[in-house]
Amino acid sequence: MMRDEGTVSDIISVREGLQIVTVWMRSGELERAVHYTDTLPLLTPGDVVDLNVTAMKLRLGSGGFHIVISIRDRKSDHHSASKPSNGHIMKLKYTPMQRSVFAIEELASSFHSVFQGDMNLEGMPVLLGELHSMLPVVMCWLRYRHSQRKTSDRALEVAYIMTDGGALPLAWSEHVAILENMEWLKTTITYGQAYGGKVEAVNKFSALVAAKHVAKANISIVTMGPGIVGTNTRYGFSGLEVGELVNAVYALGGIPVVIPRISFADSRIRHQGISHHTLTALQLAARCPAVVPLPLLEAKESAVVQKQAQHLQLHRIVVMPSPSIAEIAEAFSMYPQPITSMGRGLSQDPAYFQAICAAADCASQLHIPLE
């Protein structure tokens, strides 16, 4: 780990569990840092902090932030840290940053008995996405479609489950903060080493059970946090977890609906059409059938996608009408921030967003388990 120190200059923003600040580095440069407030007090100007500067030094594109490790000289003491958890499940285990959380499965939990026996998701559709940027797209489109219905046969109750494939603190996700503020999510659930959800779970199976039987969601979305890892190899990418999630959802009696990562704007051949990430996760890691919705794109693009989909024989391919760019733009207008992925917005990479919306449409129409 590469370390440095800095002095807090200004507070840029504060939201639940997180501060963004500017710090004067010893080099004289003014740089940005993220400070998690679940275990440390809020920062004030003048505080001297120890910083993890590894990602910035390696130019990893981690969002342009250092990370505060500790507060060295306390200039102000009037903001105290959050109260420690009374739970007994550790996350970030055996690291200097380990913390206890109160997991939904614990003996002291009022929901402990829910996890004692065999549980079933009862055909709940579960949208499985590789990229965190898929989350706001799904939510905007589900809300847009729901608002279009003059009469709705059921409420839209959505649980978001964040895996530990990317960022571990849920507080790092600005999208989650926005969606919670808009009250679009019924709950948030973190499992594995990820932490900070309204519900903490030990693993993906109990997280899914919690979404259905604790949060009472009728649809769930699972993605990693921001920060997918790739190595330009077949197996070395964190999105391979999508295949493992297919198996978990299917084993629990839910309907795994995989959001295909589709692009015709990405310059990398391996991500043209259906990304090799989606294809590999479904071919290699998924041992159970999933629903794979594919948008009906313009002729040449659809031909590419359909040819690639021939390699997914285990899965149920569903061709869905492709939402128009104008409709998606209208749906996005409800969201207070621009929605992009890999630096591209709707106009730069329409197929990417059309695929996500088509998958959301498919999931919202499913009510029975896979045969």
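Reader: What separates tryptophan 141 and tyrosine 144 in helix α2?

Author: About one helical turn, because the two are 3 residues apart in helix α2, residues 134-148. Bear in mind that this is a predicted model.

Reader: How many aromatic pairs does a search of the whole structure find?

Author: The search finds 4 aromatic pairs. In one of them, the ring centres of tryptophan 141 and tyrosine 144 are 5.1 Å apart.

Reader: Why is the pair of tryptophan 141 and tyrosine 144 called tilted?

Author: Stacked planes are under 30 degrees apart, and edge-to-face planes over 60. The planes of tryptophan 141 and tyrosine 144 lie at 35°, so the pair is tilted.

Reader: What makes tryptophan 141 count as buried?

Author: Buried means under 20% relative accessible area. Tryptophan 141 has 1% relative accessibility, so it counts as buried. Tyrosine 144 has a relative accessible area of 7%, so it is buried too.

Reader: Why is the pair of phenylalanine 332 and phenylalanine 353 edge-to-face?

Author: Their planes are at 75°, so the pair is edge-to-face; the cut-off is over 60 degrees. The ring centres are 5.8 Å apart. This pair links distant parts of the chain, with phenylalanine 332 in helix α8 and phenylalanine 353 in helix α9, 21 residues apart. Both phenylalanine 332 and phenylalanine 353 are buried. Together with Tyr352, Phe332 and Phe353 form one aromatic cluster.

Reader: Where does the charged end of arginine 32 sit?

Author: Over the ring of phenylalanine 65, 4.3 Å from its centre. The distance limit is within 6 Å. Arginine 99 lies over the face of tyrosine 195, 4.4 Å from the ring centre.

Notes. Residues numbered from 1 in each chain as written. Predicted model: local features only at pLDDT ≥ 70, side-chain atom pairs only at ≥ 80, totals over all residues. Heavy atoms only, no water. Phe/Tyr/Trp six-rings, centres within 6.5 Å; stacked < 30°, edge-to-face > 60°. Helix = DSSP H or I, 4+ residues; strand = E, 2+ residues; numbered from the N terminus. Buried < 20%, exposed > 50% of the residue type's maximum accessible area, 1.4 Å probe, protein only. Lys NZ or Arg CZ within 6 Å of the ring centre and 35° of its normal.
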